[in-house]
Amino acid sequence: MKGSYLGGSYSNKQIREYLDKIGGKYTEIDDSELLPKVAELISDGNVVGWFNGRMEFGPRSLGARSILGDPRSKDMQSVMNLKIKYRESFRPFAPAVLEEDVSEWFDFNGKSRYMLLVSKVNSNKLIDKAEAKNAEGLDRLNIPRSKIPAVTHVDCSARIQTVNKKINPRFHTLLKHFKNLTGCPVLINTSFNVRGEPIVHSPEDAIKCFQRTEMDYLVLENIFLDKNDWKKITDDSWKKEYELD
């Protein structure tokens, strides 16, 4: 098995037709411009919904139906949990990392393409915080432990996804642009859904999630959506549709 991208996919034409039908505002941008733009938006602290190719089969979002953020931000874990996933602020996120760079950032030298293996963050990426030794409870979570605090657990571990160029070339290219911009080949990669809901599958699912949360931008293949052009759905009755975990 080379990847778990076994689900359905949607073309730019299908996405445009749906957006035109509902009167949604969007821009279509070629990858050569779109991918560096998305990398820059993430590096500026924005949260981006990422809808790319065939959907993943299984319990993990692996760069096809993902929500992406900057792992270097000490606040991003809390922001994404509270404003997008609608769950407790302390819940951890996992890193997606360029497969060729994984051993530079983590104590791991191999492949973890399905986000199932856990490793420590490399010691040279850790930040020695004296206050962490004395902090208790939730206060411990707010102390950055590494150069990628948003994906570093309290024990300095992380559940890794290594991104392979041949298996998911577009997601790999996005990570490369982020690395070229920031020096960091890692992104927060969490499933494209809110707490209790299944991962989105269709453009309609993705747009609903986009409108119900504080996500800043949405990328549907080459179709780019800016939250400033869309009204947020304030009716929260949808939260009762699925039992919360």
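This is a predicted model: local features need pLDDT of at least 70, side-chain atom pairs count only at pLDDT 80 or more; totals for chains, interfaces and linings use all residues.
Me: Which polar partners does the side chain of Asn189 have?

Reply: Look for N or O atoms within 3.5 Å. The side chain of Ser66 makes a polar contact with that of Asn189, at 2.6 Å. A polar atom of the Asn189 side chain also lies 3.1 Å from the backbone oxygen of Ser61.

Me: What else is in contact with Asn189, beyond four places in sequence?

Reply: Among the contacts are Leu62, Gly63, Ile67, Leu68, Ala94 and Ala96. Met115, Gln161 and Phe171 are also included.

Me: Now a loop. Where is Asn193, and is Asn193 buried or exposed?

Reply: Asn193 is in the loop between strand E7 (186-191) and helix H7 (203-212).

Me: Which polar groups does the Asn193 side chain reach?

Reply: One is a side chain: Asn193 and Ser191 are joined by a polar contact of 2.7 Å. Another is backbone: the oxygen of Glu197, at 2.5 Å. Beyond four places in sequence, Asn193 touches Ile67, Lys85, Pro198, Ile199 and Cys209.

Me: And Ser146? Where is that residue in the fold?

Reply: Ser146 lies in the loop between helix H5 (130-134) and strand E6 (157-163). Its relative accessible area is 1%, so Ser146 is buried.

Me: How far is Ser146 from Leu126, in sequence and in space?

Reply: Compare the two separations. Ser146 and Leu126 are 20 residues apart in sequence, yet their C-alpha atoms are 3.9 Å apart.

Me: Which polar partners does the Ser146 side chain have?

Reply: The side chain of Thr152 makes a polar contact with the Ser146 side chain at 2.6 Å. The backbone nitrogen of Ile148 is 3.0 Å from a polar atom of the Ser146 side chain.

Me: Next, cores. Which residues touch the most other members of the largest nonpolar core?

Reply: Core members are buried residues joined through side-chain atoms. The largest core has 57 residues, and Phe106, Phe171, Leu220 and Leu225 touch the most other members. Helix H2 (residues 31-43) gives the largest share of this core, six residues. A second, separate core has five residues, including Tyr5, Leu62, Ala64 and Met115.

Me: What surrounds Leu225, beyond four places in sequence?

Reply: Contacts of Leu225 include Leu19, Tyr26, Ile207, Phe210, Leu218, Leu220 and Trp230. Lys25, Asp216 and Tyr217 are in contact with Leu225 as well.

Me: How many residues of H7 are buried?

Reply: For a helix, tally burial residue by residue. Seven of the ten residues in H7 are buried, and the helix is mostly covered. Those buried are Pro203, Ala206, Ile207, Cys209, Phe210, Gln211 and Arg212.

Me: What covers them?

Reply: The cover includes H1, strand E2 (48-51), strand E8 (217-220) and strand E9 (223-226).

Me: Last, the surface. Which residues make the nonpolar patch?

Reply: Met1, Leu6 and Phe57 make a nonpolar surface patch of about 410 Å². Leu6 is in the segment before helix H1 (12-22).

Note on methods
Residues are numbered from 1 along each chain as its sequence is written. Side-chain values use heavy atoms; hydrogens and water are left out. Helices (H or I, at least four residues) and strands (E, at least two) are DSSP runs, numbered from the N terminus. A polar contact is a pair of N or O atoms within 3.5 Å; within protein, one must be able to donate a hydrogen and the other to accept it, and residues adjacent in sequence count only if both atoms are side-chain atoms. Contact means heavy atoms within 4.5 Å. Patches are made of residues with over 30% relative accessible area and no salt bridge: like charges are joined within 9 Å, nonpolar side chains (Val, Leu, Ile, Met, Phe, Trp, Tyr) within 5 Å. Accessible areas come from the Shrake-Rupley method with a 1.4 Å probe; for residues, only the protein chains shown count as cover. A salt bridge is a side-chain nitrogen of Lys or Arg within 4 Å of a carboxyl oxygen of Asp or Glu. Buried means under 20% relative accessible area, exposed over 50%, partly exposed in between (1.4 Å probe, protein chains only). A nonpolar core is a set of buried Ala, Val, Leu, Ile, Met, Phe, Trp, Tyr and Cys residues joined through side-chain atoms within 4.5 Å.
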